[in-house]
Amino acid sequence: MSIEVRLLTETDDRSSFQSGDEQLDLFSRRYAGQNQFRHHIGTTYVALEGSAIIGFATVTVGHLEIEDIPSSLRKKLPEYPLPILRLARLAIDRNAQGSGVGERLMRTVFSVTIELREKLGCVGVVVDAKLGAENYYARYGFVELEVVEGALEERPAPKPMFLPLSAVAQAAGISPRKKPDRGP
């Protein structure tokens, strides 16, 4: 299978994409383009086989308060909101699930994170993992963030998970930024 990953274009046909998750399919068809081209609040990367979209990942920028980051990862971070890349949506067409498309999209997300670090600053990636997807993200090194406000027991809420920049670079196969050489 030859897969290309690139930014969504306005002319991409999203009508036949079916992940098996009604909300993600609706987002792909109806809102991904609006968010990217009209509102400018998120960017969607698509995985294509030929001209068919077989997966997508939508990212946006955000921030985390220092107290929301696990204490073991706070080392030397400043005490103010920290910039992050948020993986807002990730879905694979049901006919392509298990074929490595998700891995390709995650590598793209990690590369975008490294680019964001270089251009604007970024301490890592946050994803709101759907119930049952936590182990998928944990494979990459994501750790759960504690949710204090807004948790509802009657409706399973996504679990926010964080991947620090050092782990992003490792997962993407990109070496972390090296400190400048101070000389002798």
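Reader: To begin with Thr-108: is Thr-108 buried or exposed?

Author: Thr-108 counts as buried because its relative accessibility is 18%; buried means under 20% relative accessible area, exposed over 50% and partly exposed in between, with a 1.4 Å probe and protein chains only. Please note that this is a predicted model, in which local features need pLDDT of at least 70 and side-chain atom pairs count only at pLDDT 80 or more, while totals for chains, interfaces and linings use all residues. Residues are numbered from 1 along each chain as its sequence is written, and side-chain values use heavy atoms, with hydrogens and water left out.

Reader: Where is Thr-108 placed, and what is Thr-108 in contact with?

Author: Thr-108 belongs to helix H2, residues 101–119. Helices (H or I, at least four residues) and strands (E, at least two) are DSSP runs, numbered from the N terminus. Setting aside neighbours within four places in sequence, Thr-108 has Val-5 and Tyr-45 in contact, that is, with heavy atoms within 4.5 Å.

Reader: What does H2 lie across?

Author: H2 lies across E1, E2, E3, E4 (82–92), E5 and E7, and runs at about 160° to E4. Axes are lines fitted to C-alpha atoms, for helices over the stretch in contact, and angles run from 0 to 180 degrees between N-to-C directions.

Reader: Turning to the sheet, what is the order of its strands?

Author: The order is E1-E2-E3-E4-E5-E7-E6, an open sheet of seven strands with mixed pairing; two strands pair if DSSP finds at least two bridges between them. E1 and E6 (143–144) stand at the edges with a single partner strand each, so one side of each has no neighbour in the sheet.

Reader: And how do E2 and E3 pair?

Author: E2 and E3 (residues 52–64) are antiparallel, with seven bridges; one of the bridge pairs is Thr-43 with Val-59. The two strands form a hairpin with two residues between them, and Gly-50 in the turn has a positive phi of about 70°. In E2 (residues 43–49), five of the seven residues are buried.

Reader: Which residues of the largest nonpolar core touch the most other members?

Author: They are Leu-87, Val-101, Met-106, Phe-110, Tyr-137 and Phe-142, out of 33 residues in that core. H2 gives the largest share, eight residues. A nonpolar core is a set of buried Ala, Val, Leu, Ile, Met, Phe, Trp, Tyr and Cys residues joined through side-chain atoms within 4.5 Å.
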